[in-house]
Amino acid sequence: MTALLDLFAPPPGYTGHFGWICGFTADGRVMREIADRFTIGAGSFATTFQRPALLLMTDHASPQITADRAPGMYHVTLAPSWRQRFRGRGIFHAKVALLHFSGTTSKDPAARRDIFRLVVSTGNWTRETLERNIDLFWSVEFPHSDPAAESQNLADIMVARDMFTGLQPHLSLYPWAAASGGEAMQVPYADTLRLLNALKAPPGVTPRFFHSLDQPLRKPLLERFGGSQSEPLTILGSGFFAGGDPAPVRSSQPQGAEAFLRELVSDLSGQDEAKPVFTVLNPDACQGLATAAAALKARRWRFFRPRFPDGNDGSQGKLHAKFIYRGKKDRLKGQLYIGSGNLTPAGMGASTGTGLWNFEAGVVIPVDKQGTPDLHLPYSPNEDIDLNTELKAGGPFEMANEFSGDCPLTHFRLIEDSAGLWLEPRPVPSDFRGISLSHSGGNWQPLSERIALDPERLPPALVRLRWSSGGDDTANVAVPVLNERGLQVVPEAQHRRLEDVWDALMQMAATGREPEPEPPEDDEDDEGRRNGSRGQSATARPATYATRRLMAVITALGEVQAEMPAGQTRLWANRLIEHGRSLARTEGDVLRTLKDMQLNPFRHLGRAEFMPLGLNNEEVRILHDAHAEAARLWGVRGFAGFDGVLS
């Protein structure tokens, strides 16, 4: 079974080039894992290319994720212009990714191949989606250079392209919005857009993918379901069931959630309400359905608790997926909607097409699979909920405002001239009053046109800003520092010891991901001066001790590399280089000992007994190149290995 994170991994022979991701919320740990998979080692990617590979867009409710927490990813939110652009006035709730992977051909390394992948999820990019909640996702691919490729997939990707390019002018903290296409930071985005713009939407093909940027989700949803074909079963699933506007006092008309859901099902089924409707919900938090369920049950509606996967008893999670199925009872044959829009007026839009609606996205796909619908959708048909004892409304939806989109700056420019090292704000605000900044762990200071930096300190990769927002509220965000070529200033790799790297690489080989990074402890001393900047460890140790530690770690790494799972070759290679670069600063005693001994320990990792079985020629080359690059970083590439052999 495909996991959500796997959808961000490149196809064999490809690497991640550029991608857009949008969602209501995201967290740093998950985005780090996503970026790792997309770039096959995000830390190495960020250090090498000094740019993000993924652009994350979220609602203001999601706390800002800075680049040091998720290398290879850049997080933006909604600018003030979004309030005028989006007529729905609701939350930014769509959960979509459009990814561009690039590769070369085996016959002609100069020739490119490109694949675009569209991912639609019902869950946010958070740990709850990965580990606790029930969510659904869908994806399609389109190879750019294949004229015979699936035209339906191309139609979906064209809609996603237009959606993301339509969002881009309304993003805040986007430092490359005014950059020209020739600047280094703009090249991958411009390249991706150039390839997408060269594609044409196939005529006569209705996209399965749709969104609510210009109209509520309800209209394109109903168009794709048709509304005229009679089907024996409708299944509704949603993590939230708020009601519509209440009816007048003492009215006999249905109201709230009952009225909204009956009307939605009637529109889906072409006014035929006689067919059964199954509703999957969270019994302890079903909002308006807690009171509406009894009236709906009288109309042949049935209610079911969600079915969690094996190993998840549901005690820590909930149904978060949003889906609608209309089709057969005896097999999963019909049409299926999955998307971000809950079955609420805000998620779907009111039938009148007016009022408040959220920015949502989803797909309606034809399905035809053996087995009854409950085998494929998350519910158990024999476990009806007792409406008298089990349904609770739960708490209200509470909206947070964690990431301000009203930031007066997009970035700082790092300038070095004869007078020293400086930071200059971009764009230069018309009024500096009330804006403060802090960097490198220092105190807050007033913003000015030029901020002098200590040349003995490492230049900051991020600068924190705070300013008054909305009266008494104080906004606080981090903005990046770009160098004179428009590339990100990359924070120095985390300082680690040999044993730390050993632990991290062993966990990566076993699980596909490393432990969450800890803030560097010895990056700067109390005065902010650089430690180990000349490749020396904080405390010198005897050469015999350094050699003993190195031998133990290299031997263990060889054994772990030999057992490395399939598909981890590029990630392992990039991580080896990344950590080798970091250790060149923290393990100066080890490096001096190796040079005195004229020893290259990385030749040990290239021996046949320590190479994984089943590698193809390309994977063997990738590992050998990584061993050579790590040796170069340590200044030992020209030396023999432990056995005295040079090759």
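Q: Is Gln-287 buried or exposed?
A: In this predicted model, the relative accessibility of Gln-287 is 13%. The cut-off for a buried residue is under 20%. Gln-287 therefore counts as buried.

Q: Where in the secondary structure is Gln-287 found, and what is its phi near?
A: Gln-287 is in the loop that runs between strand E11 (277-280) and helix H9 (289-297). Most residues other than glycine have a negative phi. Gln-287 has a positive phi although it is not glycine, and the value is near 50°.

Q: What is the phi of Arg-300 near?
A: Arg-300 sits in the loop between H9 and strand E12 (301-306). Arg-300 is a residue other than glycine with a positive phi, near 75°.

Q: Which residues does a cis peptide bond join, with omega about -15°?
A: Most peptide bonds are trans. The cis bond has Pro-427 as one partner, and Pro-427 lies in the loop between strand E19 (420-426) and strand E20 (436-438). The two residues joined are Arg-426 and Pro-427.

Q: With which side chain does the side chain of Thr-126 make a polar contact?
A: Thr-126 belongs to the loop between strand E6 (112-121) and helix H4 (127-131), and it counts as buried because its relative accessibility is 10%. Leaving out residues up to four places away in sequence, Thr-126 touches Thr-25, Ala-26, Asp-27 and Val-30. The polar contact, at 3.3 Å, is with the side chain of Glu-128.

Q: How many residues apart are Arg-85 and Asp-214?
A: Side chains of opposite charge can pair when their charged atoms come close. Arg-85 and Asp-214 form a salt bridge with an N to O distance of 3.0 Å. Arg-85 is in helix H3 (residues 82-85), while Asp-214 is in the loop between strand E9 (209-211) and helix H7 (218-225); this pair links distant parts of the chain, 129 residues apart.

Q: Is Arg-433 buried or exposed?
A: Arg-433 forms a salt bridge with Asp-431, their closest N and O atoms being 2.8 Å apart. Asp-431 has a relative accessible area of 33% and is partly exposed. For Arg-433 the relative accessible area is 71%, so this residue is exposed.

Q: In which helix do Arg-632 and Glu-629 both lie?
A: A salt bridge joins Arg-632 and Glu-629, with the closest N and O atoms 2.7 Å apart. Arg-632 counts as partly exposed at 44% relative accessibility, and Glu-629 counts as partly exposed at 21%. The two are three residues apart, about one turn of the helix, and both lie in H16.

Q: What percentage of the contacts with a separation of 6 or more is between residues 24 or more positions apart?
A: The protein has 16 helices and 24 strands, and 55% of its 647 residues count as buried. For contacts with a separation of 6 or more, the share from residues 24 or more positions apart is 75%.

Conventions: Residues are numbered from 1 along each chain as its sequence is written. This is a predicted model: local features need pLDDT of at least 70, side-chain atom pairs count only at pLDDT 80 or more; totals for chains, interfaces and linings use all residues. Side-chain values use heavy atoms; hydrogens and water are left out. Helices (H or I, at least four residues) and strands (E, at least two) are DSSP runs, numbered from the N terminus. Buried means under 20% relative accessible area, exposed over 50%, partly exposed in between (1.4 Å probe, protein chains only). Contact means heavy atoms within 4.5 Å. A polar contact is a pair of N or O atoms within 3.5 Å; within protein, one must be able to donate a hydrogen and the other to accept it, and residues adjacent in sequence count only if both atoms are side-chain atoms. A salt bridge is a side-chain nitrogen of Lys or Arg within 4 Å of a carboxyl oxygen of Asp or Glu.
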